[in-house]
Number of protein chains: 2
Amino acid sequence: MNQLPLEKKVLKENDRIAAELRERFLTHGTLCLNLISSPGSGKTSLLERTLQSIDGDWRAAVLTGDIQTENDASRLRRFGFPVKQITTGGTCHLDASMIERHLVGWDLDAIDLLFIENVGNLVCPSSYDLGEAAKVVLLSVTEGEDKPLKYPSIFFKSELAVITKTDLLPHVHFNITEAEENARRVHPGIDILRVSNTRGDGITRWIAWLDKRRTQYYSKHAVATV
Amino acid sequence: MNQLPLEKKVLKENDRIAAELRERFLTHGTLCLNLISSPGSGKTSLLERTLQSIDGDWRAAVLTGDIQTENDASRLRRFGFPVKQITTGGTCHLDASMIERHLVGWDLDAIDLLFIENVGNLVCPSSYDLGEAAKVVLLSVTEGEDKPLKYPSIFFKSELAVITKTDLLPHVHFNITEAEENARRVHPGIDILRVSNTRGDGITRWIAWLDKRRTQYYSKHAVATV
């Protein structure tokens with residue numbers, strides 16, 4: 001988006017709401033992750049795998065954003081966790097006020113892990129803080145290894161990059177090592193995982209990453225609530 | 001983007017410059033096409049195939065947009081046609097003023113066919129008229145057949161949808177007929193082509209589409225310059 005004065009105001013107001021949300025999540029012990037990628041990189045498929053795989057004692061919920069359709073929510077509801085669709089109607093990203101509105105009616109004390117699936121867009125969502133504990137960027141092997149350099153902001157701001165569709169590696173020209181190097185050039189400390197949602201490769205490591213991230217978060221939560 | 005009052009002003013100013021550009025393109029007989037897709041759907045690859053395939057008497061030029069890097073311009077310059085990179089530095093779309101600025105120094109009388117490769121983003125570029133004769137949307141078979149329904153604006157505004165990476169069809173869950181039906185639900189009159197930039201399938205039909213589009217345009221141009 002253009003950095004117009006009004007947009008700066010919009011972003012400032014967004015940051016204010018996001019800070020409140022972050023505080024609320026911490027108070028209630030809800031780890032919130034904001035998943036961002038191009039359209040069709042596999043955010044919904046990763047969430048399907050996740051909801052299918054997580055242990056019964058992880059109480060998850062999903063807010064899933066799209067410009068139009070309820071398709072993703074329908075796909076994700078099958079697993080029995082609370083899911084709400086946020087239909088933006090044209091807006092190219094989720095913002096903090098949409099999250100705030102869609103949390104109404106949910107008891108955060110009963111949600112340990114809140115996944116936000118952003119609108120499919122590698123650019124604009126990176127500017128909008130949603131109060132998440134961490135952003136996670138997905139990049140599929142069909143998109144080209146130069147994408148971290150072309151869309152640096154989201155790789156810089158994400159704690160984890162998930163390289164998806166690794167089952168297609170034999171069929172595409174994609175140098176996965178170079179893609180990872182490019183991600184690290186933009187963000188040296190970024191975690192990187194390789195997964196295939198179709199075959200299930202790498203899902204165990206993704207669940208382990210979530211588990212580690214939850215442990216870190218809950219030690220912070222313990223401090224916050226002392 | 002949010003439909004804020006200031007954004008409406010920005011869009012109005014953009015439309016003014018775009019109308020001037022459209023008039024200039026028509027006066028000089030330059031057919032301008034605006035290529036839009038998600039990151040990594042194959043815009044640059046399609047242009048590589050195009051510049052390689054077009055007849056010697058088609059005088060083409062390319063303006064290629066990216067948030068960062070000159071990668072695409074480097075890839076496209078190999079074919080000997082004029083190419084300029086537009087690096088937006090964070091902005092999620094090209095706008096008409098960027099096109100106007102980057103045309104400086106080019107003789108439009110010597111350009112029959114101007115390709116604009118937009119920033120990889122299926123959302124925001126659809127709102128910005130660049131003075132093009134037609135928008136062309138690309139969708140790769142790895143992105144899922146529901147994308148026309150999820151991102152209707154760009155399919156509604158495009159004259160042609162190019163379904164790319166058809167060589168990957170045996171390896172992905174993608175119902176190409178359903179994808180085409182979805183595109184036609186959003187835009188009944190849309191032309192649709194299937195291509196594989198890797199294998200070259202469908203490129204002849206794409207060149208034929210360009211040829212047909214040029215013929216239509218030049219009859220309009222003839223009227224305009226009588």
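**Entry 1. A salt bridge in chain A**

I began with Glu132(A) and Lys135(A), whose side chains meet in a salt bridge at 2.7 Å, N to O. I then looked up how accessible the two are: Glu132(A) and Lys135(A) are both buried. I note here that the model is a predicted one.

**Entry 2. Salt bridges in chain B**

Which residue forms a salt bridge with Asp129(B)? I found Arg22(B), with the closest N and O atoms 2.7 Å apart. This pair links distant parts of the chain, 107 residues apart. Asp129(B) sits in the loop between β4 (113-117) and β5 (134-140) of chain B, and Arg22(B) sits in helix α1 (residues 5-28) of chain B. I checked the accessibility of each partner. Asp129(B) has a relative accessible area of 16%, so I put it down as buried, the limit being under 20%. Arg22(B) is at 31% relative accessibility and therefore counts as partly exposed.

I also looked at Asp201(B) and Arg199(B), whose side chains meet in a salt bridge at 2.8 Å, N to O. Asp201(B) counts as partly exposed because its relative accessibility is 31%. Arg199(B) is exposed, with a relative accessible area of 53%.

**Entry 3. The network and the interface**

I followed the salt bridges that share partners, and they join Asp66(A), Asp72(A), Asp146(B), Lys147(B) and Lys150(B) into one network. Within it, the side chains of Lys150(B) and Asp66(A) meet in a salt bridge at 3.5 Å, N to O. How many salt bridges are there across the interface of chain B and chain A? I get 4. Over all chains the count comes to 33 salt bridges.

For the contact itself I noted 40 residues from chain B and 41 residues from chain A. The two chains bury about 3100 Å² between them, and 59% of that is on carbon and sulfur atoms.

**Entry 4. How the two chains are related**

I laid chain B on chain A: a turn of 180° and a shift of 0.0 Å along the axis give an RMSD of 0.0 Å. That is the relation of a two-fold axis. The same surface serves both copies, since 100% of the contact residues of chain B recur in chain A.

**Entry 5. Aromatic pairs**

I counted the aromatic pairs over all chains and got 4. Why is the pair of Trp206(A) and Trp209(A) called stacked? The ring centres are 6.1 Å apart and the planes are at 10°, and planes under 30 degrees apart count as stacked. Both residues lie in helix α8 (residues 203-225) of chain A, 3 residues apart, about one turn of the helix. Trp206(A) counts as buried because its relative accessibility is 0%. Trp209(A) is buried as well, with a relative accessible area of 6%.

I then turned to chain B. Trp206(B) and Trp209(B) form a stacked aromatic pair, 6.1 Å centre to centre with 10° between the planes. They lie in helix α8 (residues 203-224) of chain B, 3 residues apart, about one turn of the helix. Are Trp206(B) and Trp209(B) buried or exposed? Both are buried.

**Entry 6. Lysine over tryptophan**

Last, I looked for a charge over a ring. In chain A, Lys84(A) lies over the face of Trp106(A), at 5.0 Å from the ring centre. In chain B, Lys84(B) lies over the face of Trp106(B), at 5.0 Å from the ring centre.

How values were computed
Residues are numbered from 1 along each chain as its sequence is written. Chains are lettered from A and ligands numbered from 1 in the order in which they are written. This is a predicted model: local features need pLDDT of at least 70, side-chain atom pairs count only at pLDDT 80 or more; totals for chains, interfaces and linings use all residues. Side-chain values use heavy atoms; hydrogens and water are left out. Rings of Phe, Tyr and Trp (its six-membered ring) pair if their centres lie within 6.5 Å; planes under 30 degrees apart count as stacked, over 60 as edge-to-face and the rest as tilted. Helices (H or I, at least four residues) and strands (E, at least two) are DSSP runs, numbered from the N terminus. Buried means under 20% relative accessible area, exposed over 50%, partly exposed in between (1.4 Å probe, protein chains only). A charge sits over a ring if NZ of Lys or CZ of Arg is within 6 Å of the ring centre and within 35 degrees of the ring normal. Copies are superposed by least squares on the C-alpha atoms of residues with pLDDT of at least 70 in both. Contact means heavy atoms within 4.5 Å. Buried area is the accessible area (1.4 Å probe) that two parts lose on being put together, summed over both.
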